[in-house]
Amino acid sequence: MSRETENTVLLLMGISIVLIVASGAFTRYVKPGLLPWLVTSAVLLIALALVAIVGDIRRGGARRGDAAGDESHAHTHRASIVWLLVIPILLLCFVTPPALRPSAAAPSVTAVSNDVLNRPFPPLPPGTAPEVSLPEVLMREAQDTTGSLTNRSITVTGFVLNEAQGVDLGRIVIICCAADAQLARIHLRGPAAGAAAGLPDNTWLRVQGRVIPVARQPHSAVIPTLQVTTVTRIDAPANPYAYPR
């Protein structure tokens, strides 16, 4: 690979990262907490490319092929490669990848059942039905030694998953990046859950209710059940993923 191509690759990689950060599309690939690292990577890549390009210009250009007759062919070949490298940039400018669908995520996450992870969780926020993320509901139900969900109404947001046994509320959880995406879910039960059961899969809802306490099984995970009192249909959020704390 020639120096011109190497420099172009570095520059285009940096520009690509800048584009997905500026558009917010980076959340389709990694969790928001990695934003500073993406910005740092983009700055370093662009700086390295510019330093190399300026250095080559000051030295009179990068080295060419030994034979003068091959120089024109090599230049044409390199130019073709550079134009091909522009394609991903254009795709990032005009095409935003869709959010992962439940079928594309790894098998469902129910809860972490390792007893070693059991610990006291902080109290829920004050209010009649505080907002609790779906993965946090799973973690509190499986690991919280204080029973913070007991007799508390909570609000949970997610999408509809119609199953043979009833309707579930789901959310795709990303720990680091889209490659480790997993599907988290809770059961929706009670008379009010019927309002969710008739909706198509992937319909977004905000539901209120109480988690039905169940006996913990050692070294096994149980999908929590929410006794629903209110179901509200909502628009899909701009960032549909959830991130465990």
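Visitor: What makes up the secondary structure here?

Guide: Five helices and six strands. The model is predicted. Along the sequence, the order is α-α-α-β-α-β-β-β-α-β-β.

Visitor: How much of the protein counts as buried?

Guide: The share is 34% of the 245 residues. The exposed surface comes to about 14,000 Å². Carbon and sulfur atoms supply 63% of that area.

Visitor: What share of the contacts join residues at least 24 apart?

Guide: That share is 73%, counted among contacts between residues at least 6 apart in sequence.

Visitor: Which residues does the UniProt annotation "transmembrane region" cover?

Guide: The unreviewed UniProt entry gives residues 9-29, 35-54 and 81-100. That label comes from the record.

Visitor: How much of residues 35-54 is helix?

Guide: The model makes that span 100% helix and 0% strand. Its end C-alpha atoms are 29 Å apart. Residues 9-29 are 71% helix and 0% strand. There the end C-alpha atoms lie 20 Å apart.

Visitor: Where is Arg185, and why is Arg185 called buried?

Guide: Arg185 sits in strand β4, which runs over residues 182-189. Its relative accessible area is 11%. The cut-off for buried is under 20%. Arg185 falls under that cut-off, so Arg185 counts as buried.

Visitor: What makes the pairing of Arg185 and Glu163 a polar contact?

Guide: The two side chains come to 2.9 Å. A polar contact needs N or O atoms within 3.5 Å, one able to donate a hydrogen and the other to accept it. The distance of 2.9 Å meets that limit, so the pair qualifies on distance. Arg185 also makes a side-chain polar contact of 2.9 Å with Asp168.

Visitor: Why is Cys176 called partly exposed?

Guide: Its relative accessibility is 35%. Buried is under 20% and exposed is over 50%. The value lies in between, so Cys176 is partly exposed. The value for Cys177 is 24%, so Cys177 is partly exposed too.

Conventions: Residues numbered from 1 in each chain as written. Predicted model: local features only at pLDDT ≥ 70, side-chain atom pairs only at ≥ 80, totals over all residues. Heavy atoms only, no water. Helix = DSSP H or I, 4+ residues; strand = E, 2+ residues; numbered from the N terminus. Buried < 20%, exposed > 50% of the residue type's maximum accessible area, 1.4 Å probe, protein only. Contact = heavy atoms within 4.5 Å. Areas by Shrake-Rupley, 256 points an atom, 1.4 Å probe, with all protein chains shown as cover. UniProt positions renumbered as here; feature names shortened; annotations may be inferred.
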